[in-house]
Amino acid sequence: MKQTIIPPCLKEGDLVAITATARKVSAYEMAPAKALLQSWGLRVIVPDGLYAEQHQMAGSDAHRTTMIQQLLDNPEVKAIFCARGGYGTVRMVDTIHWERFLQHPKWIIGYSDVTVLHSTLRQMQVASIHGIMPINIPADALQVDYPALASLHQLLFDGKVEYKQLGDRKLFRAGNAQGAIVGGNLSMLYSQLASPSDINTDNTILFIEDLDEYLYHIDRMMMALKRAGKLAHLQGLIVGAMSDMHDNTIPFGYTAEEIVWDAVKEYHYPVVMNCPFGHIGTENRALPLGSNASLTVNSSGEASILCSL
């Protein structure tokens, strides 16, 4: 496998952009993010048509493709912040051309539906960032040092982050792992199986998180990943927030974390649950996907993650 391409860290004066590949956004919703990025010393592009609407989405598939394509092709743009998730990225990802982007790689930042872009970039061996999006940045972001924003700034400008004392100490497997972190939203990983964006998880540290799913859906998705060989040859597993799970009238009988554990209990790599990554607003710490990382889970279930670009 070829060496991972790591876009350069940001510095003051760099040009960055906000785009929308999925659900629509408003100027009011994007204002705090624009102000925050400018406070970091960055110049911010808000492309023409960012606030377009087509039912739930930020304009048509072709419109959303055009927006991101112009930014990908612009060598002066050093990072692209995806405005929000929802649904829609999968509808236009196959119409994106990556040739100019690969000549001048830049950071693509987001989570949830943006997992489609992260997985596509993984096919090209380009690192990206699973992190908070503009829609989640609150109005007081210039006054409050939110963990999600502090970690994203550190990763983008310093090229490393370290997280300690992670995990819930209940379901875990101790051990040490080295490798690239891959993954993202479980539902999106499941939906990409056997597609051009389906990732190879062998010898990686897999990361998953999800939101607003029925517990039996979590089991279905974990079984699909297992049957597809995505869980057997990992170096480690990081489980982020499993937020706002639902159950049926007749209970499924297990929590989301117990469902995940049941799918991987036969293996031997380290596992940590309930880490602060995913659909948890300003607590959603930044994770670099594709770059070097180490995971340590001790005998008490306490975990640490060190990531460097």
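This report describes aromatic pairs, nonpolar cores, a helix and strand pairing in a predicted model.

**Aromatic rings**

The structure contains seven aromatic pairs. Two of them are set out below.

| Pair | Centre distance | Plane angle | Class |
|---|---|---|---|
| Phe207 and Phe277 | 5.9 Å | 85° | edge-to-face |
| Phe252 and Tyr254 | 6.2 Å | 70° | edge-to-face |

The Phe207–Phe277 pair is called edge-to-face because its planes stand at 85°, and the cut-off for that class is over 60 degrees. This pair joins distant parts of the chain, 70 residues apart. Phe207 belongs to strand S8 (residues 205–211), while Phe277 sits in the loop between strand S10 (271–272) and strand S11 (287–289). Phe207 and Phe277 are both buried. Together with Tyr163, these two residues make up one aromatic cluster.

In the pair of Phe252 and Tyr254, the planes are at 70°, so this pair is edge-to-face. Phe252 has a relative accessibility of 29% and therefore counts as partly exposed, since buried means under 20% and exposed over 50%.

A charged side chain also meets a ring: Arg173 lies over the face of Tyr269, 5.3 Å from the ring centre.

**Nonpolar cores**

In soluble globular proteins, nonpolar side chains tend to be buried together. The largest nonpolar core here has 52 residues. Within this core, Leu156, Ile181 and Ile238 touch the most other members. Helix H6 (residues 147–158) is the element that gives the most to the core, with six residues. Leaving aside residues up to four places away in sequence, Leu156 touches Cys9, Leu10, Trp40, Phe81, Trp107, Ile109 and Ile129. Another core, of 25 residues, lies apart from the largest one; Val182, Met221, Leu234 and Val260 are among its residues.

**Helix H2**

Helix H2 (residues 61–73) is made of 13 residues. From the first C-alpha to the last, H2 reaches 18 Å, close to the 18 Å expected at 1.5 Å a residue. Buried residues in H2 are Arg64, Thr65, Met67, Ile68, Gln69, Leu71 and Leu72.

**Strand S7 and its partners**

Strand S7 (residues 175–185) is mostly covered, with nine of its eleven residues buried. S7 pairs with strand S12 (residues 292–297) in the antiparallel sense, over six bridges. In S12, Ala293 stands opposite Gly179. S7 also pairs with S8, in the parallel sense and over five bridges. Here Phe207 of S8 is the bridge partner of Gly183.

Technical notes:
Residues are numbered from 1 along each chain as its sequence is written. This is a predicted model: local features need pLDDT of at least 70, side-chain atom pairs count only at pLDDT 80 or more; totals for chains, interfaces and linings use all residues. Side-chain values use heavy atoms; hydrogens and water are left out. Rings of Phe, Tyr and Trp (its six-membered ring) pair if their centres lie within 6.5 Å; planes under 30 degrees apart count as stacked, over 60 as edge-to-face and the rest as tilted. Helices (H or I, at least four residues) and strands (E, at least two) are DSSP runs, numbered from the N terminus. Buried means under 20% relative accessible area, exposed over 50%, partly exposed in between (1.4 Å probe, protein chains only). A charge sits over a ring if NZ of Lys or CZ of Arg is within 6 Å of the ring centre and within 35 degrees of the ring normal. A nonpolar core is a set of buried Ala, Val, Leu, Ile, Met, Phe, Trp, Tyr and Cys residues joined through side-chain atoms within 4.5 Å. Contact means heavy atoms within 4.5 Å. The expected span of a helix is 1.5 Å times one less than its number of residues. Two strands pair if DSSP finds at least two bridges between them.
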